[in-house]
2 protein chains.
Amino acid sequence: MSDKKANEPENLPPAADGGLLDRRLFLKKGLSFGAGAALVGRPFRASADEPPPWMKTPGEPFTNYGVPSPHEKEAIRWISANSAAPGNGISWTPLHKLEGIVTPNGLHFERHHNGVPQIDPHRHRLLIHGLVENPLSFGVNDLLRYPMVSRLCFVECGGNSNAGWHEEPIQTPVGYFHGLASCSEWTGVPLAIILDEAGLRPDARWLVAEGADAAAMNISIPVEKALDDAVLALYQNGERLRPENGYPLRLIVPGWEAVLSVKWLRRLQAATGPVMARNETAKYTELLPSGKARQFTFVMEAKSIITFPSPGRHLHGPGLYQISGLAWSGRGRIKRVEISADGGRSWAEAALQDPVLPQCFTRFRLPWRWNGAPLVLKSRAVDETGYVQPEREALIAERGRHGYFHYNAIVCWAVAADGSVSHTYG
Amino acid sequence: MSDKKANEPENLPPAADGGLLDRRLFLKKGLSFGAGAALVGRPFRASADEPPPWMKTPGEPFTNYGVPSPHEKEAIRWISANSAAPGNGISWTPLHKLEGIVTPNGLHFERHHNGVPQIDPHRHRLLIHGLVENPLSFGVNDLLRYPMVSRLCFVECGGNSNAGWHEEPIQTPVGYFHGLASCSEWTGVPLAIILDEAGLRPDARWLVAEGADAAAMNISIPVEKALDDAVLALYQNGERLRPENGYPLRLIVPGWEAVLSVKWLRRLQAATGPVMARNETAKYTELLPSGKARQFTFVMEAKSIITFPSPGRHLHGPGLYQISGLAWSGRGRIKRVEISADGGRSWAEAALQDPVLPQCFTRFRLPWRWNGAPLVLKSRAVDETGYVQPEREALIAERGRHGYFHYNAIVCWAVAADGSVSHTYG
């Protein structure tokens, strides 16, 4: 068999059952795909070259600030707001419409309690008070003069993916199931610098953060985390924050549930204990099967989702595909993502797209030859601490049936013979 | 001297003259800044806490796609279009308004020859023809089914920074001098896969790329580069391309002058030689002092610019600051950025912000204690090939006075006693 033939997908050795191929397949230089016979695109042999109508007339002029194509109107946040109080609710990042790891600012998910305050940055102030030697008040222009850091990291609502607790598998596109998670490059002032300037007293163990929205949303953060890697963010993906993401100032607490990354930040009060706010008692506290309650469950554990194929993103007949998805962990870097195409009996390691950063979305990809038979796809993330994303049964055994937050079980997609994809519990 | 006192900026050892400090200063945990005495922000001691007006009324509702705050109207692309033909010209990324390394899609620089075509993606096609075994025509939906890669990389016009060739130093904000460069996460199909499917003939040495704009902009690309790392990009920073950045399909040729990254890509014709288009003969070809001409000077050499302080971003009196800027190289990763605060006599190494990626913007930062005296700041990038960004005199000696493209000399900012910053040739 010639080298060329050996490289044709039909002749490649499997990496696991169900048609999973070696993750390096699409990375090799000079690989032959057998003149397209097995690839899933549908080009046609062509030599005609009629210029399209938009080549026959001058185009549109320059713009100061660009917007998406009018043909991409489906790539929007899906809003699930309280009809009686339209500023209370959530909007979802359409992860099924996106690629790579960066979420564009216009599509970052939202969780608001009383709408988006329209803040004049010249009048906004941040107060550092409570158990500090020097209570301080900062204007936005003051903070803009401080040393900054940038980091690409995810922000994920503690309630993301909670449809996974439902008795029946929810049937929606990926973004409306897992899209209370987004990933941006945040730039701002390390909170440690500001706390050092204010002088935390030795008995200050918690910070109570409060936003300048009409709900005065507040939450408690352990001082250790605040000093470790929390950031007073002023910029998102290069530009200043958007109003719905906390303009002009939000806290970013990397890897922890997003309720701690308080938007429109106006106060940080140092205290000996947590304030026991609504969002750490009535919410984000859950009864376990043992009768004990989980509280202050800050870290978002490792999770992964296959974004292609997925519900609504169907297969167009048997052939060679690339499985693609996202993985992340609040504990650090993603170390490995494994994919199964036989419901979990055999697993193949996916390729991780550079860069692989701590507390950041990581894009994974794996070549796959689908033979047209029904099967179940799963992905499983492992992070650098060795934590392995659990199966749903294991998560429920540990956490019981009262769960609402921190759902991170392995997700299963059932692929039917007609190429349609649905959510299944396996 | 106590540890706390030793850590106060006044007592820190210099890293170079002119007040440059060790790059790790702001990275250390538990560092004291002397209760703010030396820091440049202007917080005030405060305990008052009057809720602002926007906390007293419900905020704005959710939106399907977000936009910047109305208070950030200065963070826009600056348009320099031909008044007689408004679709011919450029618009600049306001680098002086941005932080981190990602350029938001709405602010990516533009270079158009005949405006922005309004393309219906369902009617757009890519033709692969010329010296290939199988001429092929792809629709956008065909390409969306192919294996993809993502990469964060810069796109820089070959004419960026060309005001540096002027006899007198241009006095503009950084973005209107160096802002024909932007950095995004691009996702698309490796061109090598498509070329393999079409079957390049052995005598195919160049590809002629053509856009679907009314200018039918075209350019020639060596086959080696096309097979190495060129991408048929469909996504930019997660979402589908914007119209002004090539929607629905653009070529990305990492690290090479942006004229090769053809927008609205409609044709790739394999040929034995370059097509000798306007943009590789009348433009992008330059006479050297020797009488020979430079042509096909594809790679964008290493460059760095200090974005703070910079013209229009002044200092507010003596004190401790963070110098911040961007560096990049078309040859690979940035290895080192050095900063001088004494016009080039002594240099200190800046901290490079993670991630440091090949052919990508790299953010650098360095702590600096300005004593209020006038001085000249410079930055100098070194890439992983060992290439060192040249002084202006060296660049002119090599390239002569006919230069227009590929200006990458060290940039000098003169800081005056009043804290104002101007461009100088040193």
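Is A:Glu99 buried or exposed? A:Glu99 has a relative accessible area of 6%, so it is buried (under 20% relative accessible area; exposed is over 50% and partly exposed lies in between, using a 1.4 Å probe and protein chains only). Keep in mind that this is a predicted model, where local features need pLDDT of at least 70, side-chain atom pairs count only at pLDDT 80 or more, and totals for chains, interfaces and linings use all residues. Residues are numbered from 1 along each chain as its sequence is written, chains are lettered from A and ligands numbered from 1 in the order in which they are written, and side-chain values use heavy atoms, with hydrogens and water left out.

**View 1. A:Arg363 and A:Glu99 form a salt bridge.** The closest N and O atoms of this pair are 3.6 Å apart (a salt bridge is a side-chain nitrogen of Lys or Arg within 4 Å of a carboxyl oxygen of Asp or Glu). A:Arg363 sits in strand β24 of chain A, while A:Glu99 is in the loop between β5 (85-92) and β6 (110-112), 264 residues apart. Strands here are DSSP runs of E, at least two residues, numbered from the N terminus.

**View 2. A:Thr362 belongs to strand β24 (residues 362-370) of chain A.** With a relative accessible area of 0%, A:Thr362 is buried. Leaving aside neighbours within four places in sequence, its contacts (heavy atoms within 4.5 Å) include A:Ile101, A:Leu326 and A:Val356.

**View 3. B:Lys303 and B:Glu156 meet through their side chains in a salt bridge.** From N to O, the distance is 2.6 Å. B:Lys303 is in strand β19 (residues 303-308) and B:Glu156 in strand β9 (residues 149-156) of chain B, so the pair ties together parts 147 residues apart in sequence. Both B:Lys303 and B:Glu156 are buried.

**View 4. B:Arg331 and B:Glu301 make a salt bridge too, at 3.0 Å from N to O.** They're 30 residues apart, and each one lies in a loop of chain B. B:Arg331 is partly exposed at 38%, and B:Glu301 is partly exposed at 23%.

**View 5. Strands β4, β5 and β6 of chain B make an open sheet, in that order, with antiparallel pairing.** β4 (78-82) and β6 (110-112) stand at the edges with a single partner strand each, so one side of each has no neighbour in the sheet. Two strands pair if DSSP finds at least two bridges between them; β5 (residues 85-92) and β6 of chain B have 3. B:Ser91 stands opposite B:Glu110 in β6 of chain B.

Key. Helix = DSSP H or I, 4+ residues; strand = E, 2+ residues; numbered from the N terminus.
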